[in-house]
Amino acid sequence: MSSGIVAPVAPARAWLLAARPATLPAAAVPVLVGTAAAVSEGARLRPVVFATTLVCALLIQIGTNFANDYSDFHRGADHEGRLGPVRVTQSGLISQSDVRRGIIVAFGLAVLLGAALALIGGWPIVVIGVLSVLSGLAYTGGPFPFGYHGLGELFVFVFFGVVAVCGAAYLQLGTWNGFALALSLPIGLLVTNILLVNNLRDLPTDRAAGKRTLAVRIGERATRLQYAAFTALAYIVPTALAVSERSRRWLLLPLVTLPLAAGLARRVLGGLAGRELNPMLKHTGQLLMLFGILLALALVLGRVA
């Protein structure tokens, strides 16, 4: 339609679209792996802390998605010619004022849960929470939206990889842990691949809108190679950890997903473009989920074996 308005859908369905379910493994998997890493290092699982951390991370992800939907529309990056899934602000499925309220509710609930976690983890959790919320808002909003300046991948790797995994482990262990830091690297790389697919798909329209993502800056071919390289590196890390210490041999378990990962990398390198990349966004999230579940299982098995 020339107006960019799509047929109305049920409110619950519209909000589900706004939450972008395909991206939610990016929030859930790091918490799962970080918690499992702590258990493997001798921590006694604190289920309530785990559940609170998980819900808090999901709320921050959802709030960030709402904020991106709203800000991208106002900056002109989302329009009727976009190649990706429907965006609720641009399409009119949810009013701009309601999306703003959604942002406030999601981040507000995350702050409340974060305050409870801060009582357990102290000032480091306060710092992580504040920076996570501010970064979620600043990804495509504010005076310097770093998603528009080629810094989106760095943001995702740091906050959804290093910070999320290490923070979840810290809340269980009570101390910072180098092993959790090592495990955060493959998770951060696979989470970042979700964004890489998104930005590869949107490269032409982002360039036209003046959105200087990393894909726009380095070009299509380099972005495809980056996806393949990040995929390979994600499997090298647990393999190296397993080889370096016999007691960690269970860390080879995520290699079960290697054929799937290789297939996805081959398809990205093969030249899929535009809307053809939409299923790849979902499949990359599924790979992250399977890899993360198997990695967490490997950590627990290594502990009890």
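Me: What is the mean pLDDT of the protein chain?
Reply: The mean is 89, and 93% of the residues reach 70 or more; pLDDT is the predictor's confidence in each residue, from 0 to 100. This is a predicted model, where local features need pLDDT of at least 70, side-chain atom pairs count only at 80 or more, and totals for chains, interfaces and linings use all residues. Residues are numbered from 1 along each chain as its sequence is written, and side-chain values use heavy atoms, leaving out hydrogens and water.

Me: Where is the pLDDT below 50?
Reply: Over residues 1-5, a stretch with 9 contacts in the model beyond near neighbours in sequence (contact means heavy atoms within 4.5 Å). Where pLDDT is low, the predicted coordinates should not be read in detail.

Me: OK, helices. At what angle do H8 and H11 cross?
Reply: Roughly 160°, with the axes of H8 (residues 178-201) and H11 (residues 220-244) coming within 9 Å. Helices here are DSSP runs (H or I, at least four residues), numbered from the N terminus. Axes are lines fitted to C-alpha atoms over the stretch in contact, with angles from 0 to 180 degrees between N-to-C directions.

Me: And is the H8 and H11 crossing left-handed or right-handed?
Reply: Left-handed, meaning the near helix is turned anticlockwise from the far one by less than a right angle; clockwise would be right-handed. The contact includes Phe-179, Leu-189 and Leu-200 of H8 and Tyr-227, Phe-230 and Leu-241 of H11.

Me: How many nonpolar residues does that contact of H8 with H11 have?
Reply: It has 17 nonpolar, 5 polar and 2 charged residues. Ala, Val, Leu, Ile, Met, Phe, Trp, Tyr, Cys and Pro count as nonpolar, Asp, Glu, Lys and Arg as charged, and the others, Gly among them, as polar.

Me: How does H7 pass H8?
Reply: In a right-handed crossing. The axes of H7 (residues 152-173) and H8 come within 8 Å and cross at roughly 145°. Among the residues that meet are Phe-157 and Val-165 in H7, and Leu-185 and Leu-195 in H8.

Me: New topic: is Asn-68 buried or exposed?
Reply: Buried, because its relative accessibility is 6% (buried is under 20% relative accessible area, exposed over 50%, partly exposed in between, using a 1.4 Å probe and protein chains only). Asn-68 lies in helix H3 (residues 47-75).

Me: What does Asn-68 touch?
Reply: Arg-20, Gly-136, Tyr-139 and Thr-140, not counting residues up to four places away in sequence.

Me: Where does Arg-20 lie?
Reply: In the loop between H1 (11-19) and H2 (25-40). Arg-20 is buried too, at 14% relative accessible area, and its phi is near 55°, a positive value in a residue other than glycine. Most residues other than glycine have a negative phi.

Key
Helix = DSSP H or I, 4+ residues; strand = E, 2+ residues; numbered from the N terminus.
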